[in-house]
Amino acid sequence: MDDIIREGNPTLREIAADVEFPLSDENIILGEKMLNFLRNSQDEVTAEKMGLRAGVGIAAPQLDVSRKIIAVLVPNAEEIEENEKGEEVVIPPKEAYSLATVMYNPRVVSHSVQDAALAEGEGCLSVDRDIPGYVIRHARATIEYFDKEGNKKKIKLKGYNAIVVQHEIDHINGIMFFDRINPKNPFATTEGMLLLD
């Protein structure tokens, strides 16, 4: 499923259409395919075999489908501890993912005053070039969305998970991550801004 469209394609600049409930089989399958794509992209062997770039989020418009559907799959980091011999041991996380879901019609309903950005900047499966700079987002955000059964959900996110979901919600609103970089001073910060590693 690497039919991801790249910047310059007009679909990426459209405001996507709401999906209607009950969901069509097509929209349910699309959501599952998007989540599966992220799973494959994070598996080194599968990603290499299929020629995929690793991703933690994808939005339907990136597949040239202008609908408000996003999938996010954020792995929990492994921890490194020392054993009795003083050797470093990798401890797998208790839960594989800190966020693993498909969201239909997601939107930010409230957010912190405090801003945040990834210290390394952001990347995007639809952008093949490196664009340096801080992508200024909300440090915390409350997201409202529907699951595939049509249940309304509300989650509070902070840090990296909040940034990932805001990036994908931007996609369904025709906004690219580099739109949020200060063009005159790409590494400008706002007062009290969090820089996340």
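A pocket is an open set of grid points where a 1.4 Å probe fits, with protein on both sides within 12 Å along at least five of seven lines, and its lining residues have an atom within 4 Å of a point. The views below show a predicted model.

**View 1. The second largest pocket and its lining.** The residues that line the second largest pocket are Pro-75, Asn-76, Ala-77, Glu-79, Glu-81, Ile-91, Pro-92, Pro-93, Lys-94 and Ser-98. The space in this pocket comes to about 200 Å³. Sorted by class, its lining holds five nonpolar, two polar and three charged residues.

**View 2. The largest pocket, with a volume of about 340 Å³.** This pocket is lined by 18 residues, and those closest to its centre are Val-56, Gly-123, Cys-124, Tyr-160 and His-167. Helix α3, which runs over residues 159-172, gives the most to the lining of the largest pocket, namely six residues. Eight nonpolar, seven polar and three charged residues make up the lining of the largest pocket.

**View 3. Asp-170 in helix α3.** Asp-170 has a relative accessible area of 6%, and therefore it counts as buried, the cut-off being under 20%. Leaving aside residues up to four places away in sequence, Asp-170 touches Arg-137, Ile-175 and Arg-180.

**View 4. Strand β6 (residues 115-118), covered on both faces.** On one side of β6 are Asp-115 and Ala-117, on the other Ala-116 and Leu-118, and all of these residues are buried. The strand pairs with β7 (residues 137-138) in the antiparallel sense, over two bridges. With β10 (residues 194-196), β6 pairs in the parallel sense, over three bridges. Here the bridge partner of Ala-117 is Leu-195 in β10.

**View 5. Gly-150 in the loop between β8 and β9.** Lys-85 is 65 residues from Gly-150 along the chain, and the C-alpha atoms of the two residues are separated by 52 Å.

Key:
Residues are numbered from 1 along each chain as its sequence is written. This is a predicted model: local features need pLDDT of at least 70, side-chain atom pairs count only at pLDDT 80 or more; totals for chains, interfaces and linings use all residues. Side-chain values use heavy atoms; hydrogens and water are left out. Helices (H or I, at least four residues) and strands (E, at least two) are DSSP runs, numbered from the N terminus. Buried means under 20% relative accessible area, exposed over 50%, partly exposed in between (1.4 Å probe, protein chains only). Two strands pair if DSSP finds at least two bridges between them. On a 1 Å grid over the protein atoms alone, a cavity is a set of points where a 1.4 Å probe fits but cannot get out, and a pocket is an open set with protein on both sides within 12 Å along at least five of seven lines; lining residues have an atom within 4 Å of a point. Grid points are joined across faces, edges and corners, and a volume is the space filled by probe spheres set on the points. Ala, Val, Leu, Ile, Met, Phe, Trp, Tyr, Cys and Pro count as nonpolar, Asp, Glu, Lys and Arg as charged, and the others, Gly among them, as polar. Contact means heavy atoms within 4.5 Å.
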